[in-house]
Amino acid sequence: MRNPYGGKPYRVPLAAPDCDGFVFWTRNAAPFSAAFDDVAAAGLPFVVQFTVTGHPRPLDAHTPRPDVVVAQIRDLARRFGPRTVVWRNDPVLFTSLTPPARHRETVAELAASLAGSVDECVVSSAQIYRKTRRRLGRAAKTGQFDWKDPDIDEKSALLGDLQAILGGCGIEMTVCSQPELKIAGVEPAACIDAARLSDVAGRPLAARVKGNRPGCICAESRDIGAYDSCAHGCVYCYAVSDHAKAAAQAGTGVPGWGVHAVNDMVG
């Protein structure tokens, strides 16, 4: 693959013993559905980090409807076990279309639908990167919504409410790489989670923690992906600078996917 930061090609091993498992990121698993059986048949465990937020269309223009995604998650859990899927309600975005009451209502509906199919929900408050600020600013000028990046206390208060809602459905909430948020009883998320992969594999796996930013406790992995390759058109995205370009590129592949090959494990 090509390094997304410099374009230099390099190789990532995808077979044992050099690779011990996979973590897939997606908002739409349908194009890859049959391939999961091939991955399982290869004897390597995998976990799917599956994003569904229920944001209104001005924020998530081309993502599948929440009911479609819920059905996909439930199908994956039925086929491969509930430890295989992690629900991501990420990011929590503060806009006039998504006030705290809307977030609480949406998470309650999704949690009720996903109870028994997932045991963890990863959340984070939107990180306002430069691309994100620029895209949100352009979209807000259309008059469809206003947005803000609130203070830590306001973010923590809402996420604390979401924790209670999720807990009521038997789903643990974890927070991705935001140690500044102080929410009692909430653990940091390990999105590349060697313990979860061990459970899926049915054998012990171990990997050193090698996060990619402050507060990240992910296991060491190799990221397979590219910028400007997702056609979902979310206005808060930091990985796409030009939606038209991304949509054109996605015509030759599967939009909205990321893959991590988890290696340097011993078991």
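Does Phe36 count as buried or exposed, and what is its relative accessibility?

Analyst: Phe36 counts as buried, because its relative accessibility is 0% and the cut-off for buried is under 20%. The model is predicted, and this value is computed from it.

The angle decides the label, because planes over 60 degrees apart count as edge-to-face.

The pair of Phe24 and Phe36 also crosses between two elements. Phe24 belongs to strand S1 (residues 19–26), while Phe36 belongs to helix H1 (residues 33–41), so the pair ties together parts that are twelve residues apart in sequence. Phe36 is also a member of a cluster that ring pairs build from Phe22, Phe24, Phe32, Phe36, Phe46 and Phe80.

Away from these rings, an aromatic side chain meets a charge: Lys131 lies over the face of Tyr227, 5.3 Å from the ring centre.

The strands give a further part of the picture. Strand S4 (residues 120–125) is mostly covered, with six of its six residues buried. On one side these are Glu120, Val122 and Ser124, and on the other Cys121, Val123 and Ser125, so that both faces of S4 are covered, because every one of these residues is buried. S4 has a parallel partner in strand S3 (residues 85–92), joined to S4 by four bridges. In that pairing, Arg88 stands opposite Val122 in S4. S4 also pairs with strand S5 (residues 172–175), in the parallel sense and over four bridges. There, Cys121 stands opposite Met173 in S5. S5 in turn runs parallel to strand S6 (residues 187–188), and two bridges join them. Val175 stands opposite Pro188 in S6.

Last comes the chain as a whole. Its secondary structure comes to seven helices and ten strands. The C-alpha trace spans about 50 × 40 × 35 Å along the principal axes. For 267 residues, a compact globule would have a radius of gyration near 18 Å, and the chain, with 18 Å, agrees. Of the 267 residues, 46% count as buried, and Phe36 is buried as well. Among contacts with a separation of 6 or more, 74% are between residues 24 or more positions apart. The chain exposes about 12700 Å², and carbon and sulfur atoms supply 53% of that area.

Key. Residues are numbered from 1 along each chain as its sequence is written. This is a predicted model: local features need pLDDT of at least 70, side-chain atom pairs count only at pLDDT 80 or more; totals for chains, interfaces and linings use all residues. Side-chain values use heavy atoms; hydrogens and water are left out. Buried means under 20% relative accessible area, exposed over 50%, partly exposed in between (1.4 Å probe, protein chains only). Rings of Phe, Tyr and Trp (its six-membered ring) pair if their centres lie within 6.5 Å; planes under 30 degrees apart count as stacked, over 60 as edge-to-face and the rest as tilted. A charge sits over a ring if NZ of Lys or CZ of Arg is within 6 Å of the ring centre and within 35 degrees of the ring normal. Two strands pair if DSSP finds at least two bridges between them. The radius of gyration is taken over C-alpha atoms; the globule rule is 2.2 Å times the number of residues to the power 0.38. Contact means heavy atoms within 4.5 Å. Accessible areas come from the Shrake-Rupley method with a 1.4 Å probe; for residues, only the protein chains shown count as cover.
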